Amino acid sequence: MSLEDVENMYQELEVLSKQLGFTNTQQALPFARRVHEGKFRRGNGLPYISHPLFVTMYMKELGIINDEAWATGLLHDTVEDEPHCGFDEQPFSDSIKRRVHLLDFQKGLLEKRKAQLLYIKNILADDWITNITKDVDRLHNLSTTKGAFTPSKLEDYLDETVALFYPAFPIQQQNFLEHTKAFHLLETCIKDYVRELDTHGQFQEDNKRILNYKAS
């Protein structure tokens, strides 16, 4: 991905959202760009806005043409990255605001794994848009780990992916039948990345790193 690709994604979503009358997406584009301005992705050095743009464009490639989904994809990191960005004062729908706050991982409130388990449990209890946003977010992060993560950071990230996401995949496919195909594709792609990045074979499906959803 290049700077030109980032700008092309932004412009494509800008044009499409106007054509489709997607008011939340139209408002989310400049807001997300402003919140993430001056920040860059580790590894590739691209502007951080490239990540929420990718998440949203990937939804489009999955056949998801939905204003609430696209806006959630664009906004999913705003509150987590900039808690005082004024997100709640923006004219987004209440459902988008709920999703973005659910996707904001609260660090330091509980022991890390308990906090992660509670975080995923709350996402699973929400709607398909929250869940698909989280899966695409994880997919893109996995695809950009090379050059961005130290070996120990990568090991932790793969461990987290296997422990938290693998048990979630069948639940998502059962809970959101209308979007089973998209969730199944995301499961396949995420597991492919884990296998590719897991050069020492530590994180295969049959090992004990896969946990149950018990946050207590």
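How many nonpolar, polar and charged residues are in the lining of the second largest pocket, by class? That lining has 7 nonpolar, 3 polar and 1 charged residues. Here Ala, Val, Leu, Ile, Met, Phe, Trp, Tyr, Cys and Pro count as nonpolar, Asp, Glu, Lys and Arg as charged, and the others, Gly among them, as polar.

This is a predicted model: local features need pLDDT of at least 70, side-chain atom pairs need 80 or more, and totals for chains, interfaces and linings use all residues. Residues are numbered from 1 along each chain as its sequence is written, and side-chain values use heavy atoms, without hydrogens and water.

**Terms**
- A pocket is an open set of points on a 1 Å grid over the protein atoms alone, where a 1.4 Å probe fits, with protein on both sides within 12 Å along at least five of seven lines; lining residues have an atom within 4 Å of a point.
- Points join across faces, edges and corners, and a volume is the space filled by probe spheres set on them.
- Helices are DSSP runs (H or I, at least four residues), numbered from the N terminus.

**Largest pocket**
- Its volume is about 820 Å³.
- It is lined by 31 residues, and Arg-42, Glu-80, Asn-141, Lys-153 and Tyr-157 are the closest to its centre.
- Helices H5 (78–81), H7 (112–124), H8 (128–143) and H9 (151–165) each give two or more lining residues.
- H9 gives the most, with 6.
- The lining divides into 11 nonpolar, 7 polar and 13 charged residues.

**Second largest pocket**
- This pocket holds about 190 Å³ of space.
- Of its 11 lining residues, Gln-106, Ala-115, Leu-118, Tyr-119 and Asn-122 lie nearest the centre.
- Helix H6 (94–102) and H7 each supply at least two lining residues.
- H7 gives the most, with 4.
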